[in-house]
Amino acid sequence: MAKLTDKQKQKIIADYVQTQNKKKTAEMNGVSRPTVDKIIVEASESGLYKKLHRKKEENTESVLQYIEQQGDNVKTLIGKYIGELQDDDKIAKASVREIATALGIVIDKFALHIEARDKRNEGTTVKIDWSRDKK
């Protein structure tokens with residue numbers, strides 16, 4: 001096997017930071033899992049892995065801040081998507097996997113939002129009313 005370039009190694013590290021799955025990272029990059037292990041160890045020793053992980057967290061925080069700033073627009077959009085996810089006809093046509101994926105995404109993103117908000121508020125309790133305005 002040819003030696004990997006620095007760019008290829010960086011992509012492998014970035015993919016692993018994103019997926020947190022060595023097997024999937026190996027498949028995505030056409031390398032073996034032991035190769036991914038070796039690259040991760042090298043990256044950990046050099047500090048690159050921590051730097052990329054920190055950048056991912058910063059990016060997530062930035063997106064969450066943007067969403068929070070958008071306030072009503074985001075609540076309206078989320079309300080529309082949740083309405084679509086509650087459509088009985090669509091649920092009946094969807095596979096269990098599709099339903100589980102959609103639900104998992106909604107729960108994960110909501111949990112990230114709450115976690116980020118709590119970190120910013122440092123213990124301050126904030127109530128979010130996600131219900132639609134009733135007129």
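This is a predicted model: local features need pLDDT of at least 70, side-chain atom pairs count only at pLDDT 80 or more; totals for chains, interfaces and linings use all residues.
The buried residues of helix H1 pack against H2, H3 and helix H4, which covers residues 48–70. Which residues of H1 are buried? They are Ile12, Ile13, Asp15, Tyr16 and Val17.

Look at H1 itself. The helix has 14 residues, and at 1.5 Å a residue they should span 20 Å. After H1 comes glutamine 20, whose phi is positive, near 55 degrees.

Now turn to how the helices meet. Two packed helices are described by the angle between their axes and the distance between the axes. H1 and H3 pack at an angle of about 90 degrees, and their axes are 10 Å apart. An angle from 65 to 115 degrees counts as roughly perpendicular, so H1 is roughly perpendicular to H3. Which residues make this contact? H1 brings Lys9, Ile12, Ile13 and Tyr16. H3 brings Val36, Ile39, Ile40, Glu42 and Ala43. By class, the contact of H1 with H3 has 7 nonpolar residues, 2 charged and no polar ones.

H2 also packs on H3. H2 runs over residues 22–29, and H3 over residues 33–46. Their angle is about 105 degrees, with the axes 8 Å apart. That makes H2 roughly perpendicular to H3. Lys22, Lys23, Thr25 and Ala26 in H2 meet Arg33, Val36 and Asp37 in H3. The residues of the contact of H2 with H3 divide into 4 charged, 2 nonpolar and 1 polar.

Is threonine 25 buried or exposed? With a relative accessible area of 0%, threonine 25 is buried, because buried means under 20%. Leaving out residues up to four places away in sequence, threonine 25 touches Ile12, Asp15, Tyr16, Thr19 and Val36.

In soluble globular proteins, nonpolar side chains tend to be buried together. Here the largest nonpolar core has 12 residues in all. They are Leu4, Ile12, Ile13, Tyr16, Val17, Ala26, Val31, Val36, Ile39, Ile40, Ala43 and Tyr49. Which elements give two or more residues to this core? They are helix H1, residues 6–19, and H3.

Notes: Residues are numbered from 1 along each chain as its sequence is written. Side-chain values use heavy atoms; hydrogens and water are left out. Axes are lines fitted to C-alpha atoms, for helices over the stretch in contact, and angles run from 0 to 180 degrees between N-to-C directions. Helices (H or I, at least four residues) and strands (E, at least two) are DSSP runs, numbered from the N terminus. Angles under 35 degrees count as roughly parallel, over 145 as roughly antiparallel, 65 to 115 as roughly perpendicular and the rest as oblique. Contact means heavy atoms within 4.5 Å. Ala, Val, Leu, Ile, Met, Phe, Trp, Tyr, Cys and Pro count as nonpolar, Asp, Glu, Lys and Arg as charged, and the others, Gly among them, as polar. A nonpolar core is a set of buried Ala, Val, Leu, Ile, Met, Phe, Trp, Tyr and Cys residues joined through side-chain atoms within 4.5 Å. Buried means under 20% relative accessible area, exposed over 50%, partly exposed in between (1.4 Å probe, protein chains only). The expected span of a helix is 1.5 Å times one less than its number of residues.
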